[in-house]
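This report considers the charged pairs and the nonpolar cores of one protein structure. Please keep the sequence and the structure in view while reading.

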Amino acid sequence: MTAMTVESGRQWSYLLATWRELDVPEGWRAEIEGGQIVLVPPPGKGHNLIAGEVHDALLRCLPREIGVYQSLGTETARLEKVYVPDLVVLDKDALEAPRSEDALPIDAADILLAVEITSAGDARHDRTKKLWSYAHAPVPLYLLIDRFDEHGPTVTLFSEPVNGAYQQAVRRPFGKPVALPEPFDTVLLTDGFPGPE
């Protein structure tokens with residue numbers, strides 16, 4: 001990851017405006033964390049294969065008014081953070097905004113499910129900072145697909161956020177199914193997920 005530090009004392013609105021105007025190289029993502037704009041490099045093949053499988057599985061079980069999106073900036077303003085989850089599930093109405101606000105990130109509180117797939121360089125960040133931020137938003141469900149877990153690749157579904165912490169976590173190794181509650185009401189199969197590259 002590459003970071004651009006914004007001078008001390010700059011306001012959140014200035015940082016957010018800078019984020020909006022960035023010309024990020026194709027495939028890269030810009031996020032805001034700790035008063036910095038951080039550039040995240042494009043993910044590898046295994047990461048993209050998993051994202052594609054999860055995306056397809058979610059689309060099959062959701063009603064038409066709920067969508068699955070990649071590369072969507074999500075903001076937790078009170079924490080001064082903007083993340084771009086690997087996948088975001090939300091009501092399509094949350095994306096309707098005046099043209100002047102089109103480049104703004106969506107409010108993370110509107111997300112039904114955030115999905116992060118770890119890469120070698122950001123696994124710790126997904127396990128800690130993003131977990132904490134999504135719980136504070138609060139995002140009702142956070143699916144962490146951790147290809148680099150020290151005990152072997154795992155999928156963890158965090159749920160029931162209360163006061164900035166998820167109360168429930170169901171962890172499964174790759175190869176075992178993961179049950180997703182309403183509005184999904186489906187089982188995510190993980191046996192085709194590739195491990196670390």
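## The pair Arg171 and Asp149

In this predicted model, a salt bridge joins the side chains of Arg171 and Asp149, with an N to O distance of 2.5 Å.

Are the two partners buried or exposed? Arg171 has a relative accessible area of 41% and is partly exposed. Asp149 has a relative accessibility of 14% and counts as buried, because buried means under 20%.

## The pair Asp146 and Arg127

A search of the whole structure finds 7 salt bridges. One of them connects the side chains of Asp146 and Arg127, again listed from N to O, at 2.5 Å. This pair links distant parts of the chain, since Asp146 lies in strand 10 and Arg127 in helix 3 (residues 123–127), 19 residues apart. Asp146 is buried, at 2% relative accessible area, while Arg127, at 30%, counts as partly exposed.

Lys130 is part of helix 4 (residues 129–136) and Glu116 is part of strand 9, so the pair ties together parts that are 14 residues apart in sequence. Lys130 counts as buried at 2% relative accessibility, and Glu116 counts as buried at 1%.

Which residues are linked with these two in a network of salt bridges? The network is made up of Glu31, Glu116, Asp126 and Lys130.

## The nonpolar cores

The largest nonpolar core has 24 residues, of which Leu58, Leu113, Leu143 and Ile145 touch the most other members. Among the elements that give two or more residues to this core are helix 2 (45–61), strand 4 (66–69), strand 7 (87–91), strand 9 (111–117) and strand 10 (141–146). Helix 2 gives the most, with 5 residues.

What does Leu58 touch, apart from its neighbours within four places in sequence? Leu58 is in contact with Val68, Val89, Leu113, Leu180 and Phe184.

Conventions:
Residues are numbered from 1 along each chain as its sequence is written. This is a predicted model: local features need pLDDT of at least 70, side-chain atom pairs count only at pLDDT 80 or more; totals for chains, interfaces and linings use all residues. Side-chain values use heavy atoms; hydrogens and water are left out. A nonpolar core is a set of buried Ala, Val, Leu, Ile, Met, Phe, Trp, Tyr and Cys residues joined through side-chain atoms within 4.5 Å. Buried means under 20% relative accessible area, exposed over 50%, partly exposed in between (1.4 Å probe, protein chains only). Helices (H or I, at least four residues) and strands (E, at least two) are DSSP runs, numbered from the N terminus. Contact means heavy atoms within 4.5 Å. A salt bridge is a side-chain nitrogen of Lys or Arg within 4 Å of a carboxyl oxygen of Asp or Glu.
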